[in-house]
Amino acid sequence: MPFIHFKYLDVGKIAARGGAFRFYLLANGIPYEETLFKPSPDSWGVEKKRLIESGENPCGTVPVVYLKDDKNNNNVQLSQHIAISRYLARTNNIDSGDAYKDYIQDLVADEYQGARNAWVDTTFKGTDEQKAEYRNQKIPETLKKFDALYQKYKTADPYLSTSTAGNPLWGDSALFALLYDQIQTGYINEDDLATYPNLAPLYHAYSTIPAVAGWIKEKDQRGK
C-alpha cells in the first residue's frame, strides 16, 4: 500500500466529500495523513488558487490525494473522491474480487453524487424554504430510492458488497457519509432511519466499525 496523504477542508464534525473518502480508509484499515484547510479566503482560498494556477488540480477542488510508493518509485496525485476510492480499491486489491459486486458499488456511488450535490447546495446556499422542502420532501424521496437500491442489489447484508477481507467498499462508504451528514446538519436523526429497513442496519453497522466510531467520538468530544 502506498503512503497516502490527502488535503481537504476543515469542516468539523461534517464528513462531506472528503469525509466519504476518509470513512472508506478508516473502514478498511488504511493508514493516512491529512492536511485540512479552514474554509476561509486566507486558507482554502489561497490553496484553491494554488491548485489551479500550478496545474496540480485544474478543477480547484478537494479532496486531493497524494500517493507515494517508494518501493516502485511511483508517485501519483489524484482528485474526485469516488474516483480516488475506486482507484485505490483496484490497484491495492481492496475490492470485492468480483466484477458484478464492484459494479453495484459503482452504481450506488454514481447515484449518490446527485444526492450529495443536493445536500451541499441546500445546506450551504439554500433559503429557509428550500431547506424545509429538502427536509420534508427531497430527503424522504432520496432515502426511499436508496433503500430500494439496497433491497434490489445488496449481496453482503447490510452492505452492497464487501472486500475480500469483509469490509465495506466505496459505494457503501459514500452513502454512509451522506446519511451521517444529513444527521449532523439536523435534517434527520438516526431514529428516522428505522423507516428504511435496508438503510438503518447499514448506518448502524458502518458507524460501529471501531475506527469509524473512534473518529466520530473524537469529533463529538471536541464539540466540532
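These legends go with several close-up views of a predicted model. Local features were kept at pLDDT of at least 70 and side-chain atom pairs at pLDDT 80 or more, while totals for chains, interfaces and linings use all residues. Numbering starts from 1 along each chain as its sequence is written, and side-chain values use heavy atoms, with hydrogens and water left out.

**View 1. Strand S1 and its two partners.** S1 spans residues 3-9, and six of its seven residues are buried (under 20% relative accessible area with a 1.4 Å probe, protein chains only; exposed is over 50%, partly exposed in between). Strands (E, at least two residues) and helices (H or I, at least four) are DSSP runs, numbered from the N terminus. S1 pairs with S3 (residues 64-69) in the antiparallel sense over five bridges, and runs parallel to S2 (residues 33-37), again with five bridges; pairing takes at least two DSSP bridges. Look for Lys7: Val64 stands opposite in S3, and Thr35 is the bridge partner in S2.

View 2. S1, helix H1 (residues 16-27) and S2 form a right-handed β-α-β unit. Right-handed here means that, with the strands pointing away from the viewer, the path from the first strand over the helix to the second runs clockwise.

**View 3. The largest pocket.** Here's an open space of about 450 Å³. Of its 19 lining residues, Tyr8, Leu9, Arg17, Val62 and Val120 are the closest to the centre. H4 (99-125) gives the largest share of the lining, four residues. By class, the lining has twelve nonpolar, four polar and three charged residues. On a 1 Å grid over the protein atoms alone, a pocket is an open set of points with protein on both sides within 12 Å along at least five of seven lines, a cavity is a set where a 1.4 Å probe fits but cannot get out, and lining residues have an atom within 4 Å of a point. Grid points are joined across faces, edges and corners, and a volume is the space filled by probe spheres set on them.

**View 4. The largest cavity.** The whole structure has two cavities of 30 Å³ or more, and the largest is about 50 Å³. S1, S2 and H8 each give two or more residues to the lining. Among the lining residues are Tyr8, Asp10, Arg22, Glu34 and Trp215.

**View 5. The second largest cavity.** This one holds about 30 Å³ of space. Its lining includes Phe21, Tyr24, His81 and Trp170, with H1, H3 (81-91) and H6 each supplying at least two residues.

Notes. Nonpolar A, V, L, I, M, F, W, Y, C, P; charged D, E, K, R; others polar.
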